[in-house]
Amino acid sequence: MKKWPVIILLVLVASIPLVVKANYPLHLLIMVGIWSIAASSLNLILGFTGQASLGHAAFFGIGAYSSALLMLKAGLSFWLALPLACLTSALFGFLIGLPALRTRGSYFAIATLGFNIIVTIIIEHWEGLTEGGTGISSIPKPEPIVLPWLGEVNFSGMAGQYYLILFFLVLTLFLIYRIIHSPVGKTYTAIRGGEVLAESLGINTRANKLVSFTVSAFFAGLAGALYASYHGFISPDTSNFHVGFDLLIYLLVGGVATLPGPVIGAFIMTLIPETLQSLLEYRIIIYGGFLIVVVIFLPRGLMGLWRDTLWPRLKDLKQPRQG
Amino acid sequence: MILFFQQILNGIMIGSVYSLMALGLTLIYGILHIPNFAHGNKYMLGAFISLTLVTVFKINYWLAIVLSMVVLGAIGFLVERFIYRPLHDQPHINSFIAAIGLLLLLEGIAYSVWGGEWHRFPTAYRQNLSFFGITITLHRLLVIAATAFLIFALQLFIKKTSWGWAIEAVAQDREGAQLVGINVYGVSSLAFAIGTALAAAASSLVAPVYLVYPAMGSLPLIKAFVVIILGGMGSLPGAVIGGYLLGLIESLASGYLAAVYADLFAFAVLVIVLAIRPTGLLGKKIEGTP
């Protein structure tokens with residue numbers, strides 16, 4: 001990966017709150033960031049390891065509920081609740097991955113979907129712990145922290161939240177980048193290519209899939225915990241399986257198994273509904289139709305369009321001029 | 001004991017819906033290998049169409065069901081032709097997404113045509129029947145009978161007609177079927193149309209018992225998935241047996257255990273079965289599966 005474009009992009013993204021002072025655009029970008037983290041987590045297991053999980057909303061919800069409950073009921077600080085929530089989510093990922101990863105393809109998709117529905121039903125009915133259908137409100141924002149050189153950083157404002165989410169998004173993308181470019185990442189790609197073949201090469205597919213699923217659940221929990229603290233309110237809808245479908249959509253529109261894909265997808269699919277506000281009634285129809293068109297005509301998403309079609313053409317345009 | 005028999009009868013009624021839904025899903029899965037997530041919304045659409053036919057056009061209930069099945073069959077045909085067929089050679093996940101796109105599309109259409117409110121479906125069969133202390137409305141009995149008739153008719157169609165044989169052949173071996181001259185695309189469209197029509201029949205039959213609203217299909221859809229996983233994906237007898245079994249389990253569980261957790265029960269069974277037999281109870285062993 002070339003370093004300069006990434007650094008320039010980062011500086012640009014980081015300077016947005018210096019220019020944009022209005023709350024609403026920042027709110028949209030924060031949501032894009034949270035969905036990007038969640039979609040990237042799905043990308044690890046679905047895109048890079050080839051196991052289509054439809055239950056990631058469960059991990060998102062578990063992350064959200066554990067951090068909220070740890071802060072509100074156990075009185076922990078956000079900075080302690082956040083990693084604990086991620087670990088809780090990862091633990092559930094491990095436990096559900098044990099039986100679910102014995103299945104493949106459609107069976108795995110439906111098994112994870114079933115697990116997701118179980119989680120949502122439990123959240124809805126375990127009122128003593130989760131407040132049931134009314135949901136949990138007034139979840140605290142992160143406490144201010146003191147950073148060297150920057151002094152005290154406050155997270156009550158929009159800009160503070162923006163940088164917090166941006167930090168975790170970059171961290172997530174960096175870690176996933178490191179994972180997929182490590183030898184472990186290569187085994188994931190091998191498993192996606194063909195499990196029997198991967199096994200014949202001596203890869204322990206079960207163990208590798210389980211690790212990938214657990215790590216993926218960890219990041220989905222991170223996104224959920226950040227969502228809970230930013231939004232301040234969570235309910236059983238937070239872990240509804242439709243959220244998992246949304247993540248899948250972000251991933252596909254942006255481009256499966258590419259690092260920027262989930263971010264691009266989350267960006268576009270969050271902004272399209274905003275521009276369609278005037279067509280509110282027909283929004284869901286347009287959204288659904290758009291998906292079908294994308295999947296038929298752009299099966300590898302926008303990143304695929306760029307890599308397969310636009311970028312080679314641009315290069316062709318450049319070539320004759322140089323020659 | 002009366003509670004027991006009452007719940008058995010209710011279970012058979014609920015199981016009828018699950019069986020019809022699962023039959024459609026498994027038929028489509030057997031031919032196209034797509035978990036059709038939009039099936040629940042076709043169920044919903046079928047109910048809305050027969051509701052409109054009965055309340056607005058004052059058409060006879062049974063005729064309305066047949067018309068709704070025809071309309072949904074046509075929709076299923078078009079969906080297969082223009083959405084799933086272009087995706088046939090692509091990774092599985094793309095068909096998932098197309099199904100989810102279709103799900104949103106149909107739900108959006110239902111919202112803008114019929115609105116988000118709950119509709120009551122009028123029925124002429126409100127009277128209660130009582131025997132041996134068990135009470136049941138006539139309509140519920142009719143649901144059970146009509147479902148049995150549809151299952152029987154489908155069985156006859158599959159086993160006794162050449163189109164039915166073609167469907168079975170394609171389900172067993174798509175390439176082999178193509179080699180002996182079967183029009184596999186035609187068969188795919190047909191299977192999709194029949195499967196979708198069955199969803200319309202299920203919802204139209206049961207709508208007077210419950211209510212009609214845009215999100216009504218999501219729970220029956222997921223239950224039908226549980227059924228076809230239990231019965232083995234692509235297995236028609238498995239779908240029928242599994243459907244009735246799940247209906248009975250659920251209604252007994254809600255009668256004797258906590259009613260709120262009845263839904264949970266179904267999915268817990270699903271996860272446990274998959275943990276023990278990853279391809280379902282009656283499923284074929286997939287090559288290379290541990």
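In this predicted model, helix H3 of chain B has a buried set made up of Ala64(B), Ile65(B), Ser68(B), Met69(B), Leu72(B), Gly73(B), Ile75(B), Gly76(B), Val79(B), Glu80(B), Ile83(B) and Tyr84(B).

**Helix H3 of chain B**
- The buried residues of H3(B) pack against H1 (2-32), H2 (39-55), H4 (92-114) and H8 (184-206) of chain B, and also against H14 (283-297) of chain A.

**The crossing of H5 and H11 in chain A**
- The axes of H5(A), residues 78-100, and H11(A), residues 205-231, come within 7 Å and cross at roughly 140 degrees, and the crossing is right-handed.
- Among the residues that make this contact are Phe78(A), Leu82(A), Phe92(A) and Gly97(A) from H5(A), together with Leu210(A), Phe213(A), Gly221(A) and Ser229(A) from H11(A).
- The residues of the contact comprise 15 nonpolar and nine polar, with no charged residues.

**The contact between chains A and B**
- On the two sides of this contact, 38 residues of chain A meet 41 residues of chain B.
- At least two residues each come from H5, H6 (105-125), H10 (195-200), H12 (241-254) and H14 of chain A, with H6(A) giving the most, 13 residues.
- The side of chain A that touches chain B divides by class into 27 nonpolar, seven polar and four charged residues.

Conventions. Residues are numbered from 1 along each chain as its sequence is written. Chains are lettered from A and ligands numbered from 1 in the order in which they are written. This is a predicted model: local features need pLDDT of at least 70, side-chain atom pairs count only at pLDDT 80 or more; totals for chains, interfaces and linings use all residues. A residue is buried if 20 or more other C-beta atoms lie within 10 Å of its own, exposed if 12 or fewer, and partly exposed in between; C-beta atoms are placed from the backbone. Helices (H or I, at least four residues) and strands (E, at least two) are DSSP runs, numbered from the N terminus. Two residues are in contact if their C-beta atoms, placed from the backbone, lie within 7 Å. Axes are lines fitted to C-alpha atoms, for helices over the stretch in contact, and angles run from 0 to 180 degrees between N-to-C directions. A crossing is left-handed if the near helix is turned anticlockwise from the far one by less than a right angle, and right-handed if clockwise. Ala, Val, Leu, Ile, Met, Phe, Trp, Tyr, Cys and Pro count as nonpolar, Asp, Glu, Lys and Arg as charged, and the others, Gly among them, as polar.
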